[in-house]
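Here is a short report for a reader new to this structure. Begin with the view below, then read on.

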Amino acid sequence: MKLNDNSLFRQQAYVNGNWIDADDGKTFEVTNPATNEVIGTVPDLGAAETKRAIEAANEAWPAWRAKTAAERSAILETWFNLIMENQADLAALMTLEQGKSIAESTGEVAYGASFIKWFAEECKRVYGDTIPSKNTDQRIVVTKEPIGVCAAITPWNFPNAMITRKAAPAFGAGCPMVVKPAEATPFSALALAELAERAGIPAGIFSVVTASQGKDVGEEMTTNPIVRKVTFTGSTAVGKILMKQCSSTLKKMSLELGGNAPFIVFEDADLDAAVEGLMVSKYRNSGQTCVCTNRTIVHESVYDEFAAKLAAKVGELKVGDGFEEGVNQGPLINMAAVEKVEDHISDAVEKGAKVLVGGKRHELGKTFFEPTLLANVTTDMKVTYEETFGPVAPLFSFKTEAEAIQMANDTEFGLAAYFFSRDIGRSWRVSEALEYGMVGVNSGLISTEVAPFGGVKESGLGREGSKFGLDEYLETKYICMAGV
Ligand code: ADP
């Protein structure tokens with residue numbers, strides 16, 4: 001471990017302002033997916049420690065909500081500055097535990113920090129309403145209040161940004177938050193906690209509970225009556241479990257779940273731009289993002305030309321350890337991910353798909369996989385309905401705009417969709433017809449802190465980032481002032 005500031009590498013959990021071990025002393029190992037080497041250990045916490053973190057959050061809450069928005073904003077600004085000052089160390093920790101290239105990790109640290117800056121600004125603008133009353137002796141006022149103690153469960157694919165996108169609006173709104181990071185990537189979360197403490201976020205407002213599996217911590221978070229809000233990013237299957245558990249105390253929820261993003265290339269598209277868009281949307285983070293393109297749907301008249309241009313670009317991708325110069329494809333997170341990718345490819349090939357590029361495990365071994373491009377893909381193959389979450393682009397073909405829209409919407413998911421077209425009428429028509437929370441027109445990279453991120457259908461509930469992201473941590477209160 002060669003960090004500029006070694007105190008960012010924390011091997012204890014952070015609860016109520018203290019660095020702690022598990023009650024029973026248990027720990028678990030965290031490994032580097034590029035080398036299989038153990039990076040370090042963290043405490044394996046359970047329900048008891050989680051309960052204490054929640055109770056501490058509740059005790060810390062009144063003083064935090066009593067601060068002015070400007071005071072909370074100043075602390076968030078300091079946290080933002082500390083993260084950016086330590087960007088290189090945070091990126092190194094991320095590449096070490098997650099595997100993504102150091103360029104992508106560096107980018108994610110800035111992206112994660114951008115939510116803190118955004119909500120430091122936005123939290124000063126939590127406005128209410130006045131409503132004309134029907135009675136002359138009454139005044140009606142609507143205010144916004146912090147919802148209360150929040151709990152977050154986050155995934156490994158964005159170990160930094162998935163935490164800041166939840167914690168920053170919660171803190172800005174005046175809420176405390178207990179976070180359980182993914183078991184594969186706790187060190188990025190603990191480094192954020194260390195910097196939050198230095199920034200002046202008070203004890204109890206931000207706790208990080210590490211655990212080797214989500215079940216016990218998740219049960220406590222979703223059933224403890226103190227917790228008013230649960231926010232989760234991860235699989236649809238786990239999201240459904242959490243929603244069921246939250247029903248016992250009717251908690252408010254935000255869920256950012258799986259996707260099955262279509263990427264439509266119309267016959268009037270700028271094909272070079274579409275290829276660039278697909279490369280970033282499909283192969284970023286080795287295909288392991290919930291907004292990664294899953295199905296590429298190309299008009300039959302440009303199919304061969306698009307496939308040839310794309311194959312050339314996919315062939316240029318460099319697989320390797322994320323710390324190596326020029327590498328843009330790190331390892332997959334674990335063997336289960338490799339097996340899923342292999343299963344999707346072999347299922348497609350058995351049913352008639354043709355491998356244009358890649359198609360197998362990389363010669364580097366471990367969880368490295370060749371960036372893959374499949375042609376002649378049909379809708380009876382697994383790649384159509386399941387999220388591959390790996391570096392595989394299957395190419396489907398279509399004849400009419402209506403058929404493309406029908407194919408794009410033929411999934412229970414509805415997170416991100418993309419299409420390329422230079423026709424302005426079509427751009428509006430298709431944007432409106434796509435049953436998705438986010439649509440990229442002539443762009444394969446649409447995530448930004450200023451716009452609302454979230455899905456429809458089984459891709460989840462609620463929005464993160466933007467002015468809408470703050471509302472998720474606020475309750476609306478109506479005050480009727482009578483006898484005036
Ligand atoms: P992925 O397939 O991307 O790992 P998961 O939904 O399994 O997605 O994991 C996302 C997060 O949910 C992780 O922090 C994980 O520990 C947590 N998690 C997994 N299962 C449960 C569960 N039953 N209850 C609560 N959290 C869980």
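## Two domains

The protein splits into domain 1 (6–257 + 459–478) and domain 2 (261–441). These bounds come from an automatic or database domain assignment. The model is predicted: local features need pLDDT of at least 70, side-chain atom pairs count only at pLDDT 80 or more, and totals for chains, interfaces and linings use all residues. Residues are numbered from 1 along each chain as its sequence is written.

The centres of domain 1 and domain 2, taken over C-alpha atoms, lie 31 Å apart. Their contact takes 14 residues from domain 1 and 19 residues from domain 2. Two residues are in contact if their C-beta atoms, placed from the backbone, lie within 7 Å. On the side of domain 1 that touches domain 2, five residues are nonpolar, six polar and three charged. Here Ala, Val, Leu, Ile, Met, Phe, Trp, Tyr, Cys and Pro count as nonpolar, Asp, Glu, Lys and Arg as charged, and the others, Gly among them, as polar.

## A seven-stranded sheet

Seven strands form an open sheet with mixed pairing, in the order S14-S15-S16-S13-S12-S17-S18. Strands (E, at least two residues) and helices (H or I, at least four) are DSSP runs, numbered from the N terminus. Two strands pair if DSSP finds at least two bridges between them. The edges are strand S14 (354–357) and strand S18 (438–441), each pairing on one side only. Neighbouring strands are turned by 25° against each other on average, direction ignored.

Strand S13 (residues 293–299) and strand S16 (residues 392–398) run parallel, joined by four bridges. His299 stands opposite Phe398 in S16. Helix H10 (residues 303–316) packs on the sheet and touches S12, S13, S14, S15 and S16. The direction of H10 makes about 50° with that of S14. Axes are lines fitted to C-alpha atoms, for helices over the stretch in contact, and angles run from 0 to 180 degrees between N-to-C directions.

## A helix pair

Helix H2 (residues 69–85) packs against helix H5 (residues 161–173) at about 150°, with axes 8 Å apart. H2 and H5 are therefore roughly antiparallel (over 145 degrees). Arg72, Ser73 and Leu76 in H2 meet Ala168, Phe171 and Gly172 in H5. This contact of H2 with H5 has three nonpolar residues, two polar and one charged.

Methods. Parallel < 35°, antiparallel > 145°, perpendicular 65-115°, else oblique.
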